[in-house]
Amino acid sequence: MEQKWLITIVLMGLMLQATQTIAAPSLKPLPAFVKVCHRDSPDLNTCARESFESLKPRLMNGIPELFIPPMEPLTVPEIKMDQDSGAIFLHSTYRNVKITGMSRHKLNDLKIDPSQLKFMVSMTFPKLHLDSQYNMKGKIMMMPLLGDGQCFVDLTNLTMYTEMFGEEYTKDGAIFLKIKDIKVKYELQSVHMQLDNLFNGDKALGQRMNDFINENWKSLAEEVRPLMTNVLVDILRASVDKLFKAFSYDQLLPKMKI
């Protein structure tokens with residue numbers, strides 16, 4: 001189940017950066033529908049939140065200009081996850097992952113500190129539904145786990161907290177940003193997961209394992225939290241760097257004209 005949470009974080013990071021844009025004449029222009037925010041404005045954070053919210057109606061179909069894919073559903077071809085420490089020893093692959101509910105998020109907070117090149121965003125996803133084809137083999141709390149079939153997951157009130165720190169560099173006479181550090185935290189109210197065709201189709205044994213996972217999801221989530229955090233950081237870095245490489249700092253957060 002935790003494997004799916006990283007997908008929501010990827011989109012959160014992309015949307016955060018998409019709120020801070022304006023065109024520069026010598027570079028590829030930014031979309032006209034993006035609300036401009038200035039890094040030296042006293043109302044920067046208010047502007048950034050308004051800009052973020054203005055993009056929400058476009059998320060259903062995606063915003064390719066800002067590297068944001070369609071979100072209803074969000075489709076991921078494949079996710080691989082391996083955990084071999086603590087109470088979980090598991091190798092799993094999820095294919096054709098479809099996630100619904102991403103566009104119905106709530107923005108809790110969004111702050112930008114240009115002096116530190118720091119970007120902070122907090123978002124809550126009230127309900128997410130995921131389905132995919134899965135393949136897994138391993139052990140959970142010393143119990144064998146083997147399956148290959150359909151996977152369904154329902155997440156309730158998933159809240160993400162992300163802090164990103166950038167640094168400047170110069171390219172072709174313009175100042176660009178790149179990610180120096182990312183910190184990710186998440187909270188979740190509840191999870192319900194269904195793995196079909198566990199143990200070669202043994203329905204009784206499979207149902208017992210599904211019941212065990214759902215009854216113990218909190219402790220299982222804590223077991224994989226360090227691994228999940230590292231994976232989320234890597235994916236966020238790769239995603240946000242696409243936007244930072246495409247547009248200069250003065251496009252993303254221009255100064256006010258004097």
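Q: What is the bridge partner of Val-76 in β2?
A: In this predicted model, Val-76 has Val-97 as its bridge partner in β2.

Q: What lies between β1 and β2?
A: Two residues separate the strands, which form a hairpin. In the turn, Gly-86 has a positive phi of about 70°.

Q: How do you know that β2 also pairs with strand β4?
A: β2 and strand β4 (residues 118-140) are joined by 11 bridges, and the cut-off is at least two, so they pair. These strands run antiparallel. One of the contacts involves Arg-95, whose bridge partner in β4 is Gln-133.

Q: Why is the link of Cys-37 and Cys-47 called a disulfide?
A: The S to S distance is 2.3 Å. The cut-off is within 2.5 Å, so the pair qualifies. The structure holds one disulfide.

Q: What makes the link of Cys-37 and Cys-47 left-handed?
A: The angle about the S-S bond is -95°, and the link is left-handed. Cys-37 sits in the loop between α1 (2-18) and α2 (44-54), while Cys-47 is in helix α2, 10 residues apart.

Q: Why are Cys-37 and Cys-47 called buried?
A: Cys-37 has a relative accessible area of 0%, and Cys-47 has 13%. Buried means under 20%, so Cys-37 is buried and Cys-47 is buried.

Q: Why does Cys-151 count as buried?
A: Its relative accessibility is 1%. The limit is under 20%, so Cys-151 counts as buried.

Q: What is the form of the peptide bond from Glu-72 to Pro-73?
A: That bond is cis, with omega near -5°. Pro-73 is placed in the loop between α2 and β1.

Q: Is Phe-199 buried or exposed, and why?
A: Phe-199 has 15% relative accessibility. Buried is under 20%, so Phe-199 counts as buried. Phe-199 lies in the loop between β6 (174-195) and α3 (203-215), and its phi is positive, near 50°.

How values were computed
Residues are numbered from 1 along each chain as its sequence is written. This is a predicted model: local features need pLDDT of at least 70, side-chain atom pairs count only at pLDDT 80 or more; totals for chains, interfaces and linings use all residues. Side-chain values use heavy atoms; hydrogens and water are left out. Helices (H or I, at least four residues) and strands (E, at least two) are DSSP runs, numbered from the N terminus. Buried means under 20% relative accessible area, exposed over 50%, partly exposed in between (1.4 Å probe, protein chains only).
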